[in-house]
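Thanks for coming, everyone. Let's take a look at this one together.

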Amino acid sequence: MTEIRRSWRRTGAFIAVASAGALGVGLSAAPAIAHTPVWSVTCDEVSVDLTAYSPTKDNTVTITVDGKDLLPAKTFKGEFHDKLDLPEHSEELTVRLIVKAGDDDKFSRDETKTAPVCEDNTPSPSPSTTPPSPTPSESSPAPSATPSTSAPATSAPATPSAEPSTDAPGGGLAETGGSSATPLIAGAAAVVIVAGGGIMWAARKRRSAQH
């Protein structure tokens, strides 16, 4: 009987130690799975669900979009739930979630996700401000099929008036009271007068010498 009792005592002690160890493992593992940060990102919204955080310590949550605050640092205890609208965008956005656990920093989170572009937010191409270059048919008028019979009017240069002709119809000078031979006649007359004067002077000289 003594041996049987001792065996039962040993078995009971072993069971107690095993139970205590299992309980200890369970207690140590419980905080590791207690903090549950769940969040999702769509093209136009951020959804955040933080549960099982310390109900006595101050926990903080911050959400940024491309480095700008979408949700400034906000303090909560126990749980936090929120949905935030994203700004309209034509390119992908980088959304960052920062959670700081008040009871232990190992439960803090710093995660990043990408918000895609919503199909209905894709901007249509803006119309070009540069006027289109005209096509050859627009830039120059088409040549006429029928050639024009009228020559373009041009102003003819004024014809200078002709100088009055000095020739008579027969080829001589016009009847102006003079002739082209007048200078010759005058010269000949002067020679005759000079010669006559000389003859008269010579005759007088001879007469004077004879007397």
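Start with one pair. The side chains of histidine 35 and aspartate 103 make a polar contact of 2.9 Å. By polar contact I mean N or O atoms within 3.5 Å, where, within protein, one must be able to donate a hydrogen and the other to accept it, and residues adjacent in sequence count only if both atoms are side-chain atoms.

Now the ground rules. This is a predicted model: local features need pLDDT of at least 70, side-chain atom pairs count only at pLDDT 80 or more, and totals for chains, interfaces and linings use all residues. Residues are numbered from 1 along each chain as its sequence is written, and side-chain values use heavy atoms, with hydrogens and water left out.

Back to histidine 35. Where is it? In the loop between α1 (2-34) and β1. Helices (H or I, at least four residues) and strands (E, at least two) are DSSP runs, numbered from the N terminus. Is histidine 35 buried or exposed? Buried, because its relative accessible area is 9%, and buried means under 20% (1.4 Å probe, protein chains only). Leaving aside neighbours within four places in sequence, its contacts (heavy atoms within 4.5 Å) include Tyr53, Asp103 and Phe107.

Next, the sheet. Four strands form an open sheet in the order β4-β3-β6-β7, with antiparallel pairing. The edge strands are β4 and β7 (109-115). Pairing takes at least two DSSP bridges between two strands. β6 and β7 have seven.

Notes:
Buried means under 20% relative accessible area, exposed over 50%, partly exposed in between (1.4 Å probe, protein chains only).
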